[in-house]
Amino acid sequence: MVIKMGGSKENYPCLIRPSSFQEGPRMGDAKFVQEMGHNHRLVLGDIDQNVVGVTLNHFVVNEAEFKGLDDSTIIDVEECEDASDGGVPMFVKHTEDMLDEIDRMEEIEMEDVEDPVIDVDSSDLKDPLAVVEYIDDIIAYCRKTEVHYKFELMDETLFLTVDLIDRFLERQTVIRKKLQLVGLTAILLACKYEEVSVPLVEDLLLLSDKAYTRKEVIDMERLMVNKLQFNLSVPTPYVFMRRFLKAAQSNQKLELLSFFIIELCLVEYEMLKFPPSLLAAAAIYTAQCSLYYSFKQWSRTSEWYTRYSQDQLLECSKLMVTFHQKAGTGKLNGVHRKYSTWKFGHVAKAEPARFLLDL
């Protein structure tokens, strides 16, 4: 909007006069209507000569600035363009160009603003079970003590079972016919550590079709805890999965698909080289790519809390995509059958993120 100070008003048909002007009758008065009936347009020679040669002072103001102006003439640029026979004055065009440039620069600045990091713990400040005061220290400790190992699974007991098996086999050579015994004993130890209600040894023996005796299980339990030096308190991928899913602001479908992908890695020897925190982050990233068919799914918030960039996850994610592609084939398809059920949202039927293989 433009304000012109001084000069005649006859040459500006689109001028908006103050509502309290006193130099003429008001709209609606009979006298006004009568005078308007005899009004004639002034000839060019009768126009106020003061306008000629006068330099009009103009400047741009906002609404708050022109509210206090008493003797000013306000020109609405758009109405003036419609009402005038000639073009828009140069100063009006210049002002419009400046405003357009400012708008364009603001749009560019908005595009350059980085994705902000969200405080994912702010909603849990009043939840004592979320241990918001200590969660960063807990994750830092888990990062410090995490080790390379073979398997990941869905809940704490299963994750710990796999960890016990892996660490025990690193220290002790076991003949093939005793491998199932190692697995049963690892389940027993993990249940004693994690569960409130521990299954009986006899119940575990049924899983092996009574291939072993109770004494063999107890002897293997003694051997395992000694080889592991009674160190059962270890960070498992489950801890990282829960934390990273929260950072990703996941929904149920993303959570189920993430666990499906990470469970596919259980029997894959190639995944031993990745730490559990990276496996957890890569599983979530791969699941996001599968659901949303987009490469740029790793947010600044996820990167901040996982401490892994998208590029750092790519190698692991590509392997997970290959496991996803062949999940329903071969003998080891139990995970695929599990996640094809209604209970787990049929997420096994999700399309693999094949485009990641081309990156």
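Buried means under 20% relative accessible area, and exposed means over 50%. The model used here is predicted.

**Exercise 1.** Decide whether glutamine 288 is buried or exposed, and list its contacts beyond close sequence neighbours.

*Solution.* Start with the location. Glutamine 288 sits in helix α12, residues 276-292. Next, take the relative accessible area, which is 5% for glutamine 288. The cut-off for buried is under 20%. Glutamine 288 is therefore buried. Last, set aside neighbours within four places in sequence. Glutamine 288 then contacts Ala248, Leu254, Tyr293, Gln297 and Trp298.

**Exercise 2.** Describe how α7 and α9 pack: angle, handedness and contact residues.

*Solution.* First, the geometry. Helix α7 (residues 179-194) and helix α9 (residues 214-227) pack at about 70 degrees. Their axes are 9 Å apart. Angles of 65 to 115 degrees count as roughly perpendicular, so α7 and α9 are roughly perpendicular to each other. The crossing of the two helices is right-handed.

Then the residues. α7 contributes Leu181, Val182, Thr185, Ala186, Leu188, Leu189 and Lys192. These meet Glu216, Val217, Met220, Glu221, Met224 and Val225 of α9. Sorted by class, the contact has nine nonpolar, one polar and three charged residues.

Methods:
Residues are numbered from 1 along each chain as its sequence is written. This is a predicted model: local features need pLDDT of at least 70, side-chain atom pairs count only at pLDDT 80 or more; totals for chains, interfaces and linings use all residues. Side-chain values use heavy atoms; hydrogens and water are left out. Axes are lines fitted to C-alpha atoms, for helices over the stretch in contact, and angles run from 0 to 180 degrees between N-to-C directions. Helices (H or I, at least four residues) and strands (E, at least two) are DSSP runs, numbered from the N terminus. Angles under 35 degrees count as roughly parallel, over 145 as roughly antiparallel, 65 to 115 as roughly perpendicular and the rest as oblique. A crossing is left-handed if the near helix is turned anticlockwise from the far one by less than a right angle, and right-handed if clockwise. Contact means heavy atoms within 4.5 Å. Ala, Val, Leu, Ile, Met, Phe, Trp, Tyr, Cys and Pro count as nonpolar, Asp, Glu, Lys and Arg as charged, and the others, Gly among them, as polar. Buried means under 20% relative accessible area, exposed over 50%, partly exposed in between (1.4 Å probe, protein chains only).
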